[in-house]
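Hello,

Here is the structure we talked about handing over. My notes on what was found in it follow below.

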Amino acid sequence: MAAAVCAFAVWMVTQLRTEQNVPTTSEEHISKSGVSGLDLLRAEVQDHPRDWRWSLLLAHAQHDDGDREAAVRTLQPLRLLHPDHPEVMALWGLLALESNQGDALIKNLNERVAALPVERRLSLGLLLADLQRMSGDSQAAADRYRSLIKDNPQQPEPLLALALLKRDQGQGEE
């Protein structure tokens, strides 16, 4: 996965250079400069400090590369700046579950979801329910999915998530 993320970053940089009429291929760029994909991502984060997506991509690559501490350091400012962004919170949730700190994050997300207006709860609510399911609290996850179904009857995501949970529990007919 880290290789794919790094390859994507190299491709993005190559595309930007092509748009600027600087002919180069990703292989030429890496071989000439001796720069790794993570180094390219770090450079993009520095070049685009206001674009959170580069930092998120770097944190994913660091995590996939096995450097969990670096991923946490990269993600910490994003978590503070974008506490309701599902992609940021999804990676933060994964890191929290891996370090047995999922309960604190679930409690925090529960409070945050409750404070949001009903029409803005779907994405964070789904993330919260998924974290509850992954931490072993299937009943709380099912209750959250049902609440999201009630609040968002036109959206298929919570209904599908509840169906998958039921299937995983051996209640596929339900």
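In what order do the elements of the protein run from the N terminus on? They run α-α-α-α-α-α-α-α-α-α. The count is 10 helices and 0 strands, where helices (H or I, at least four residues) and strands (E, at least two) are DSSP runs, numbered from the N terminus.

Two points on how to read the rest. This is a predicted model, in which local features need pLDDT of at least 70 and side-chain atom pairs count only at pLDDT 80 or more, while totals for chains, interfaces and linings use all residues. Residues are numbered from 1 along each chain as its sequence is written, and side-chain values use heavy atoms, with hydrogens and water left out.

Overall figures

Of the 174 residues in the protein, 39% are buried. Buried means under 20% relative accessible area, exposed means over 50%, and partly exposed is in between (1.4 Å probe, protein chains only). The accessible surface comes to about 10300 Å², and 52% of it belongs to carbon and sulfur atoms; areas come from the Shrake-Rupley method with a 1.4 Å probe, and for residues only the protein chains shown count as cover. Among contacts (heavy atoms within 4.5 Å) between residues at least 6 apart in sequence, 43% join residues at least 24 apart.

Gln62 sits in helix α4, residues 52-64. This glutamine is buried, at a relative accessible area of 5%. Leaving aside neighbours within four places in sequence, Gln62 is in contact with Leu38, Arg42, Asp67, Ala70, Ala71 and Thr74. Ala70, Ala71 and Thr74 are also among the buried residues of α5, together with Leu75 and Leu78. The cover over the buried residues of α5 includes α4 and α6 (86-98).

Helix α5 itself covers residues 68-81, which is 14 residues. From first C-alpha to last it reaches 20 Å, close to the 20 Å expected at 1.5 Å a residue; the expected span is 1.5 Å times one less than the number of residues. At Leu75, α5 bends by about 35 degrees, and a proline, Pro77, follows within four residues. The bend is the angle between axes fitted to the seven residues ending at a residue and the seven starting there.

Leu148

Leu148 lies in helix α9, residues 138-151, and counts as buried at 2% relative accessibility. Not counting residues up to four places away in sequence, Leu148 touches Arg121, Leu122, Gly125, Leu126 and Pro158. Gly125 is 23 residues from Leu148 along the chain, with 7.0 Å between their C-alpha atoms.

Salt bridges

How many salt bridges does a search of the whole structure find? It finds 4, a salt bridge being a side-chain nitrogen of Lys or Arg within 4 Å of a carboxyl oxygen of Asp or Glu. Side chains of opposite charge can pair when their charged atoms come close.

Three of these pairs are listed here:

- Asp39 and Arg42, at 2.9 Å, N to O. Both lie in helix α3 (residues 37-47), 3 residues apart, about one turn of the helix. Asp39 is partly exposed at 36%, and Arg42 is partly exposed at 36%.
- Asp51 and Arg53, at 2.9 Å, N to O. Arg53 is exposed, at 52% relative accessibility.
- Arg167 and Asp168, at 3.0 Å, N to O. Arg167 and Asp168 are both exposed.

Regards
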